[in-house]
Amino acid sequence: MWTWFHRLASPPHFYRLAERWLPWVGVAAAGLLAWGWIGGLVFAPPDYQQKDAFRIIYVHVPTAAASLSLYTMMAVAGAVALIWRMKLAECVLVATAPVGAGMTVVALITGMLWGKPMWGTYWVWDARLTSELVLLFLYLGVIGLQQAFEDARAAARACALLAIVGVVNVPIVKYSVEWWNSLHQTSTILKLGKPTITADMAVPLYAALAGTFLLCAYAILRRVQNELLWRERRTGWVAELL
Amino acid sequence: MTKRQQRMAAIGALVVGLGLAATLGFTAIRKNMMYFYTPSDVAAQAPSADATIRLGGLVVAGSVRRGEGLRVAFTVADCESEVPVHYEGILPDLFREGQGIVATGRVGTDGVFTAQEVLAKHDEEYMPPELAEKLTDENGKHSCAEFKRVVQS
């Protein structure tokens with residue numbers, strides 16, 4: 001049962017697997033993003049209150065969701081790296097951090113651009129906005145910690161610990177709008193129960209959401225490949241490949 | 001226990017411990033995590049006249065009175081209580097009757113909230129204008145349930 005797990009952990013095997021998957025992931029990401037963004041920005045009807053300003057949802061919600069999911073994935077990779085000492089998990093951990101940080105920045109900036117015309121302010125220190133900012137700092141902390149070490153394996157182990165400690169913040173970001181009073185509204189689609197958005201607006205949103213996740217997968221797979229090549233640069237399979 | 005199981009247990013204990021600590025910590029400072037007070041909170045425990053607080057609630061339908069210049073008076077309510085608000089300044093585009101707002105200001109001795117800033121609090125519902133027209137009822141389209149009480153009675 002564990003053979004696939006061990007095979008997946010082998011750097012040359014994973015490199016080739018990623019190489020085979022990448023074109024499909026890339027094409028699917030581009031297609032879904034094109035569908036989601038053209039459908040959302042051009043064809044979806046305007047909102048009854050926000051008019052066209054609501055269209056920022058097609059970037060804001062997917063990137064914010066990705067910022068949380070990628071952090072969780074990074075922490076899981078960190079746990080695998082610490083428990084099984086798996087090199088591939090270390091690579092996934094360090095490859096995910098910059099992508100996640102990018103998603104967090106986009107979510108924060110699009111939120112601020114929407115906040116100014118809709119709320120009347122770019123920023124408030126409510127629970128949702130503050131915890132999302134903390135999430136960005138956690139990502140930056142993982143990136144910085146990784147740069148601070150000479151040895152890649154020691155770096156990955158320190159990053160893994162930080163990633164696991166920071167995972168406490170993920171449910172806080174997600175449920176901040178339900179546990180506490182905040183200026184930020186509660187979830188529209190990623191919640192239990194019926195989505196509070198009409199189907200003609202929601203379908204492009206789901207496409208943009210899937211496309212954003214696949215785009216992240218593409219970027220992370222490429223970064224994992226780079227990391228593997230660099231770490232294994234003195235081995236036979238890399239010499240053979242290049 | 002093997003080394004691997006020990007590491008697994010240590011990481012498990014770390015996550016559980018941190019989760020527990022965070023839960024206890026945030027439960028203890030629940031009040032401080034609240035971005036605003038509700039009209040029910042103000043009714044239950046009037047804040048002192050020199051304290052600046054945030055008040056969040058729905059603008060009561062039919063309560064908005066425009067004065068001269070940028071002066072405006074309206075009432076903010078949650079599911080139980082109401083607070084009259086006076087404000088002079090520019091209101092956000094989404095300000096309208098039935099809409100959620102968060103105002104920053106002081107409660108005077110007369111019980112009137114004088115706001116220095118008013119922000120619109122949008123809710124999580126999105127729909128095209130044609131549908132919104134069909135859905136209007138006398139209470140407006142917005143729910144008062146999203147305003148959580150800070151002071152527990």
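Select residues 27-184 of chain A: this span is 79% helix and 0% strand, and its end C-alpha atoms are 34 Å apart. Helices (H or I, at least four residues) and strands (E, at least two) are DSSP runs, numbered from the N terminus. The model is predicted: local features need pLDDT of at least 70, side-chain atom pairs count only at pLDDT 80 or more, and totals for chains, interfaces and linings use all residues. Residues are numbered from 1 along each chain as its sequence is written, and chains are lettered from A and ligands numbered from 1 in the order in which they are written.

An unreviewed UniProt entry assigns residues 27-184 of chain A to "domain: Cytochrome c assembly protein"; such annotations, given in the numbering used here with shortened feature names, may be inferred rather than shown by experiment.

Next, select residues 91-114 of chain A, one of the spans that the unreviewed UniProt entry annotates as "transmembrane region". This span is 100% helix, with end C-alpha atoms 35 Å apart.

Move to helix 7 (residues 169-179) of chain A, and display its buried residues N169(A), I172(A), V173(A), S176(A) and V177(A). They lie on the same side of helix 7 of chain A, because they cover an arc of only 120 degrees around the axis, taken from the directions from the helix axis to the C-beta atoms. A residue is buried if 20 or more other C-beta atoms, placed from the backbone, lie within 10 Å of its own. Their cover includes helix 3 (57-84), helix 5 (127-148) and helix 6 (152-166) of chain A.

Finally, show chain B: 33 residues of chain A are in contact with 34 residues of chain B, contact meaning C-beta atoms, placed from the backbone, within 7 Å. Helix 3 of chain A gives the most to the side of chain A that touches chain B, with four residues.

Conventions. A residue is buried if 20 or more other C-beta atoms lie within 10 Å of its own, exposed if 12 or fewer, and partly exposed in between; C-beta atoms are placed from the backbone. Two residues are in contact if their C-beta atoms, placed from the backbone, lie within 7 Å.
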